[in-house]
Amino acid sequence: MRRLLTILLMLGACSIAQAQKGTPANMVHVKGGTFVPLYGSNNQSVSVQDFIMDKYPVTNAQFEAFVAEYPKWKKSEVKALFADAGYLKHWSSDLGVGTNADKLKNSPVINVSWFAAKAYCECQGKRLPTVNEWEFAALASETKKDASSEPSFYQRSLDWYSQPNPKYLPPVQNAFKNYYGLYGMIGLVWEWTSDFNSALIVGESRQNASLDRQLFCGAGSTGASDVKNYVAFMRYAFRSSLKANYTVANLGFRCVQDVPAKTTAQK
């Protein structure tokens, strides 16, 4: 009970801040539609409603301002329940990256847990995107909303995935910009989603006798809608390897908002 209370207090700490903040700048409208996710029910298309998404992943400078306002998320204060030992390990102190600030202040923040990312978004009056929202927006190339049929579009992701992490991530403004005006959906960092742990989960292997225990590793493609989409396999597999308190040196996040009903009706 005490642990549950701690979680509720931590995750609900920004309810007042949400009410006080308006719609942030540097967001773009993503018009909804349908697409076939890599994993779904009988390879059926799913609908994605209109949403508003941050142009850029959250930067170190933005996250510094957040932890200054909400000290519970300082790396010396955060509880292990909410972040593992790697939390903000690239920062030299509780309140920033230190001597490398000139190189990293506008780069995406990394080494943040799902709990921390979720709290940040909620304190801005936003939320983390769903897997479907993120994947839908990430289908866009520079000129097309849906570039899923273009081999060169997937090759861009493969080229990035094959490279080691640079010592200093580039500023978010220097990243690939897609059709919607979103920067860095490809080629910058992996990104948290609200339902990251829903991917590939079909049951509990020790209890669910209906599971085919041969479905592991490459056999996971059995239920996929497009076995050629290797970059999506990598994203889904990566998400499925995470726990909410994990931190990773190339995993960041960005936030979204729902489109007000009135705005949607006018479009």
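Visitor: Before we start, what does "buried" mean?
Guide: Buried means under 20% relative accessible area, exposed means over 50%, and partly exposed is in between (1.4 Å probe, protein chains only).

Visitor: Okay. And what kind of model am I looking at?
Guide: This is a predicted model, where local features need pLDDT of at least 70 and side-chain atom pairs count only at pLDDT 80 or more, while totals for chains, interfaces and linings use all residues. Residues are numbered from 1 along each chain as its sequence is written, and side-chain values use heavy atoms, with hydrogens and water left out.

Visitor: What's pLDDT, and what is its mean for the chain?
Guide: It's the predictor's confidence in each residue, from 0 to 100. The chain has a mean of 82, with 75% of its residues at 70 or more. Over residues 15-23, though, pLDDT is below 50, and that stretch has seven contacts beyond near neighbours in sequence. A contact here means heavy atoms within 4.5 Å.

Visitor: Where else does pLDDT stay under 50?
Guide: Over residues 201-225, which have 25 contacts beyond four places in sequence in the model. Where pLDDT is low, the predicted coordinates should not be read in detail.

Visitor: Got it. How many helices and strands are there in the chain?
Guide: Nine helices and seven strands. Both are DSSP runs, numbered from the N terminus: helices are H or I with at least four residues, and strands are E with at least two. Of the chain's 267 residues, 43% count as buried.

Visitor: New topic: how many aromatic pairs does the structure hold?
Guide: There are 19. Rings of Phe, Tyr and Trp (its six-membered ring) pair if their centres lie within 6.5 Å; planes under 30 degrees apart count as stacked, over 60 as edge-to-face and the rest as tilted. One of the pairs is F63 with W91: edge-to-face, 6.2 Å centre to centre, with 70 degrees between the planes.

Visitor: Where do F63 and W91 lie?
Guide: F63 lies in helix α3 (residues 60-69) and W91 in the loop between α3 and α4 (101-104), so the pair ties together parts 28 residues apart in sequence. F63 is buried at 0% relative accessibility, and W91 is buried at 2%.

Visitor: And how do F66 and Y120 pair?
Guide: They're edge-to-face too, 5.3 Å centre to centre and 70 degrees between the planes. F66 is in helix α3 and Y120 in helix α5 (residues 114-123), so this pair ties together parts 54 residues apart in sequence. F66 is buried at 2%, and Y120 is buried at 6%. Ring pairs also link F63, F66, Y70, W91, Y120 and F253 into a cluster.

Visitor: You mentioned α5. Why is α5 called largely enclosed?
Guide: Nine of the 10 residues of α5 are buried, so the rest of the structure largely encloses this helix. Among the buried ones are W114, F115, Y120 and C121. Just after α5, G125 takes a positive phi of about 75 degrees.

Visitor: Which residue does C121 join in a disulfide?
Guide: C121 is joined to C255, with 2.3 Å from S to S. A disulfide counts as a pair of cysteine sulfur atoms within 2.5 Å, and the structure holds one. C121 sits in helix α5 and C255 in the loop between β6 (251-252) and β7 (256-258), 134 residues apart.

Visitor: Is that disulfide left-handed or right-handed?
Guide: The torsion about the S-S bond of C121 and C255 is about -85 degrees, so the disulfide is left-handed. C121 is buried at 0%, and C255 is buried at 0%.

Visitor: Last one: what does the charged end of R239 sit over?
Guide: The ring of Y236, 5.3 Å from its centre. That label needs NZ of Lys or CZ of Arg within 6 Å of the ring centre and within 35 degrees of the ring normal. R239 is in helix α8 (residues 230-240) and is buried at 5%. Helix α6 (residues 131-138) is mostly covered, with seven of its eight residues buried.
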